[in-house]
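Q: I'm new to this one. Can you walk me through its aromatic contacts?

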Amino acid sequence: MKIIAVSTSPRKNGNGDSAVLAAAEGAKSLGAEVEIVYLRDLKMNYCTGCCLCKKDEADGCVQRDDVTELLKKFHAADGIIFCAPIYMTQLAGQAKVLFDRCYSLSKPNRNRQRPAGPPPMGERKPMEGRVEAAASAPVVMGPEMSKTAIVYSPDLMGVSPDQQPRKKMLIITTSNSMRAEHDLNRAETMAVQFKGAGVTDYKLVTVPGCHPLDGGGKTEENIEILKEVGRWLAE
């Protein structure tokens, strides 16, 4: 099994890098081959919204930079790890630029006819034993805020449980939006886009704390949680 792991953190050896390394270690323990890519080392252009990637004859994104090859790796991999910091309650800028470029992962033209009505929504199922607050409850900031990573196991919208082969994606965010519902909505949007690369299942891990001195990406407890979901990815 081959897994492509991407850390979009601009800071070397920060919480994002540590989280990716821990999840990769878990996957490797089950024999997976993991390639780690650090986005800060790549030359990356912005998505221009040209939509040329949606043409029948198109072979993915028409831009030619380091991200073009990365997008092909998303397709070829058996599993994906995507780690992004959350700044000001949103994906950090560099992570958002990469996600915009992932628009080319889904081939069908958006103007082609679709069935009437809204797409089916998958029920969001927090992983038992990891969720400490209701999805609608704000996280209380301050010294009493939990620094334990939270793992969610939602259903991927519009994907049948019987669909084979399965391809898993692990989404890791360092820090969170202070409301679990916002984090789940963001992750669902990302996972649905990666359906174009074959993703059928995903988990979201929110690792509290983005500051290098108090972040949760390096605590022993959270490293074990990340190893656990890394093993899930390789199963």
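A: What follows is a quick chat about ring pairs and charges over rings in this predicted model.

Q: How many aromatic pairs turn up in the whole structure?
A: A search of the whole structure gives two. In one of them, the ring centres of Phe 74 and Phe 194 are 5.1 Å apart. Their planes are at 75°, over the 60 degrees needed, so this pair is edge-to-face.

Q: Where do Phe 74 and Phe 194 lie?
A: Phe 74 is in helix α2, residues 66–76. Phe 194 is in the loop between α4 (180–193) and β7 (201–207). The pair therefore ties together parts 120 residues apart in sequence.

Q: Are those two buried or exposed?
A: Both Phe 74 and Phe 194 are buried. For Phe 194, the relative accessibility is 0%.

Q: OK, and how do the rings of Phe 82 and Phe 194 sit?
A: Their centres are 5.9 Å apart and their planes are at 70°, so this pair is edge-to-face. Phe 82 comes from strand β3, residues 79–87. With Phe 194 in its loop, the pair ties together parts that are 112 residues apart in sequence.

Q: Is Phe 82 buried or exposed?
A: Phe 82 is buried, because its relative accessible area is 0%, under the 20% cut-off.

Q: What do the ring pairs link up?
A: They join Phe 74, Phe 82 and Phe 194 into a cluster.

Q: New topic: charges. What lies over the face of Tyr 103?
A: Lys 54 does, at 4.0 Å from the ring centre.

Q: And which residue has its charged end over the ring of Trp 232?
A: That's Lys 203, with its charged end 4.9 Å from the ring's centre.

Methods: Residues numbered from 1 in each chain as written. Predicted model: local features only at pLDDT ≥ 70, side-chain atom pairs only at ≥ 80, totals over all residues. Heavy atoms only, no water. Phe/Tyr/Trp six-rings, centres within 6.5 Å; stacked < 30°, edge-to-face > 60°. Helix = DSSP H or I, 4+ residues; strand = E, 2+ residues; numbered from the N terminus. Buried < 20%, exposed > 50% of the residue type's maximum accessible area, 1.4 Å probe, protein only. Lys NZ or Arg CZ within 6 Å of the ring centre and 35° of its normal.
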